[in-house]
Amino acid sequence: MANVYWIKGRSTHIQNSLISNIDALFRLEELATLVEPDVSLAIKFNLSEIGYGHYLPPVILGSIFEKARTKGARAMLTDGGSLFKGSRYDGYNWGDSAILQGYSCAELFHNQVMQSAGYTNEEGNFWPVDGDHLAGVDIGSLLTDTGNMIVVSHITAHPLLGLAGALYNLGLGFLTNSGKLKVHACLEIEYDTGICNQCGVCLPYCPTGAMSGKPGKITLNRHTCNRCLGCFITCPHQAIRIKPEGIKEYQSCVVEAAQTVLGKLRGKAFFINFIKSVTPQTDEFPFSDNPFIPDLGIIASSDPVAADWATYQMIVQSPGIPGSVAQDLGVLEKGTDKIRAITGQSPEDMLAYAEQIKMGSRRFEMLTGTGAMN
Amino acid sequence: MAQKSSKVWFAAAGATNWTESTICKAKDLFYAAGLDKCIEKDDSVAIKVHCGEYNRTACLRPEFVAAIVEEVKACGGKPFVTDTTTLTYHLYNNRCTAQMELEGANRHGLNWASLQAPFIIADGFYGEDDLRIELPEGNILKETYIGRGIYEADAIINLAHAKGHPITAFGGCIKNFGIGAQSKRGKYQTHLAFWGDPEDAIGYPKVNRTACKGTECAYHKMCEDSCPDEAIKVEPDGVVLDYEKCALCYSCQVTCMFTGMEGIGFRDDYFPLAQIAMADAALGCVKTFKPGKVGYMAYAFDIAPECDCFPWNGIYVAPDVGVFASKDAVAIDAAICDMIDKAPIGPNSRAEELGLKPGEDKFKAINAFTPRIQLKAGEKNGLGTMNYELIEYEPELNPENISKWQIRKTPMTVSPMRQVFKNHHLAREFEFVREPLDKWLVDWKNFDPTA
């Protein structure tokens, strides 16, 4: 049974500042063993879409990177590109998005910020999946040639998975575009022409031209739609929905992709969930509504299932924030499931499946502490 | 019958006014040679450079690259600066994986902050992300493998640094594509890996039994360490190679060469064949672009006798020659080689040691074979023509040209300094302490040791 460490969110003096808390993480045995001198260490983060306003402050990744480097590990920062045609779609814009958010390549990160599937989002190989839902998936070449990995996840809600946590970060962020298409294949877009007000905001985000035309004459071609969800993410009027039938399959595919990714890693992984600025939207959205729960701190574990389950429980137990969508939906009370209320989904099935295929366990030993702990 | 020739624009090194800065000349040539025509709006444009081995100081200065990044952007393109990973080729190599190469490039100043464009590695994390290109036109090679980042770009500017090379004699635009655009698979091919077998040994390490000092060699541990396949064992009477394991990566050969030893080397006729294969591989890279989407530029500055892949550099074989631009890879390299040969001999360089005179084939003397072998090979496979028309460019000195490439069009003395000096002028705001000058008009001579 794995340990799940909870470093509490409140900071009341210098010894439990955000930076002290990050230092404390490196004293955890499970993490310390991954930070080996001269061994490559991928630090997987969520690069946000431009417009998303509540991304983790870069000082968090910067501190983790610096700490790993000081201990001699060959650390690098990585994330994948996006399937939809937004600000992280091609290599050039991905770099711009990273710089704009403060992941400054040269000064802090020694040119070690790199895309997991290369400048073209297609640098990788196809690997068979041991599962019932995916036959195989394409994984970016960075992951398959790295020693150890720290998965640093910014916790938010996710419209299809319920929770955007460690499994989401692991399962999608290392795939090439081809790999992502395989995971997204079971989803189907529902375009409601009755609701659509023909604003045309979605049009430039469609990579295939399935959503095409011009304001006033917008059409969706189902045959060329690749289910990237760009229109879904950007439609201001909820004229695009995902058909519910595909969602459970999608969740299982994400779990299987995550397991395959973990299996291809040469070394070991550690998962750090930052329950901070928890917004209804994921970092992939080009906007973000106010956080709906207070910052709860850091959940860390070598077991991604335990980390996500603990995270989910803490979100349920937490009060909601007045003035946020939690109030709109009447889930301000402690114990109400804000994730389910906001997204209509819960990560329960996904985590149960992950447990079933032995990725981890929802039973764990919870240890709490602060930056001042030994 | 008049032979077809290609235009090569050339601006000589040397400057005495604003318009003649190397940066200004490079930008002028970019347009003069029509390289702007290679780029359409929103094109993803690769700027291929040699990022240089760790501790090498002769490689392209970052601003030489930034200057071209700026013009690609001005044409509406989206530039990225790129290089590929290397074979292992020596035990302290720092460019074998993308991670190492990026870090080293950062130290060279090839990063977003300096370039204002991404610096990326074109062939993936370990150099195996590539696409294969058929080469029926090739002299020796019939296929090659190009780094995916380059293959997928819409246009490319081959931005070379002209210098020597111990194997290919010279490294210019042909080498920048012929080796530099290849993935690891492509490089193995171009280095004629597995061509023949150990007895024929074209690409295989050639052990020199008499020269190898075995365990007496001060570097024998380095020799064993240099093999990533652990195929080397050094015995008292010499090095022993397991040819079954050997991957023909060059580590042992180059490590031996770098230490000044002669135990492991190359077969003599390997060198000209390597030049020919390299010209084939360069064609492979060009074929991944639509016609008209490839431009060439080269800086013949800091002309070291050896390549930027060395972790040091020798004294330059000639003074700086100048900037070149063309749409023809063979023509530009031909012009560069001719101009370098014509140039004076670099004082204290290997060229001077060898007693060379201006006009003689410098790289042939220094590196054993003439660089014109790769030019001929490039001509035969259709890459270009050795027949060039040199267009010597000198910027005209006039106010418009002077302002053209400055950081701002309005002279700073007009704005903002006039406004600043209206508010306060350090020369007039207070009284400086003065000493009478009279005796100094004579006493200054006491400060002149030659008087």
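**A walk through a predicted two-chain model**

Let's start in chain B, where helix α1 (residues 22–32) and helix α2 (residues 62–74) have axes that come within 10 Å and cross at roughly 40°. This is a predicted model, so keep that in mind as you look around. The crossing of α1(B) and α2(B) is right-handed. On the α1(B) side you'll find B:I23, B:A26, B:K27 and B:F30, and these meet B:E63, B:F64, B:A67, B:I68 and B:E71 of α2(B). Sort the residues of this contact by class and you get six nonpolar, three charged and no polar.

Staying with chain B, have a look at its sheet. It is an open one with eight strands and mixed pairing, and the strands run in the order β4-β3-β2-β7-β14-β15-β1-β16. At the edges stand β4 (119–121) and β16 (388–392) of chain B; each has a single partner strand, so one side of each has no neighbour in the sheet. On average, neighbouring strands here are turned by 25° against each other, ignoring direction.

As a reminder, strands of a sheet pair through backbone hydrogen bonds, and they can do so parallel or antiparallel. For one pair to follow by eye, take strand β2 (residues 44–48) and strand β7 (residues 155–161) of chain B, which pair in the parallel sense over four bridges. Pick out B:I47, and its bridge partner in β7(B) is B:I157.

Now step back to chain B as a whole. The chain is divided into domain 1 (6–193 + 269–392), domain 2 (206–265) and domain 3 (410–447). How far apart do the C-alpha centres of domain 2 and domain 3 of chain B lie? They are 66 Å apart.

Over in chain A, another helix pair is worth a visit. Helix α9 (residues 247–264) and helix α13 (residues 348–356) of chain A pack at an angle of about 40°, and their axes are 9 Å apart. The two helices, α9(A) and α13(A), are therefore oblique to each other. Their crossing is right-handed. A:K248, A:Q251, A:S252 and A:V255 of α9(A) make this contact with A:D349, A:M350, A:Y353 and A:A354 of α13(A). By class, the contact of α9(A) with α13(A) comes to four nonpolar, two polar and two charged residues.

Finally, see where the chains meet. The contact takes 23 residues from chain A and 22 residues from chain B. On the chain A side, β3 (74–79), α4 (91–100) and α5 (141–144) each supply at least two residues. The most comes from α4(A), with four residues. By class, this side of chain A has eight nonpolar, nine polar and six charged residues.

How values were computed
Residues numbered from 1 in each chain as written. Chains lettered and ligands numbered in written order. Predicted model: local features only at pLDDT ≥ 70, side-chain atom pairs only at ≥ 80, totals over all residues. Contact = placed C-beta atoms within 7 Å. Nonpolar A, V, L, I, M, F, W, Y, C, P; charged D, E, K, R; others polar. Pairing = 2+ DSSP bridges. Axes fitted to C-alpha atoms, helices over the stretch in contact; angles between N-to-C directions. Domains from an automatic or database assignment. Left-handed = near helix turned anticlockwise from the far one by under 90°. Parallel < 35°, antiparallel > 145°, perpendicular 65-115°, else oblique.
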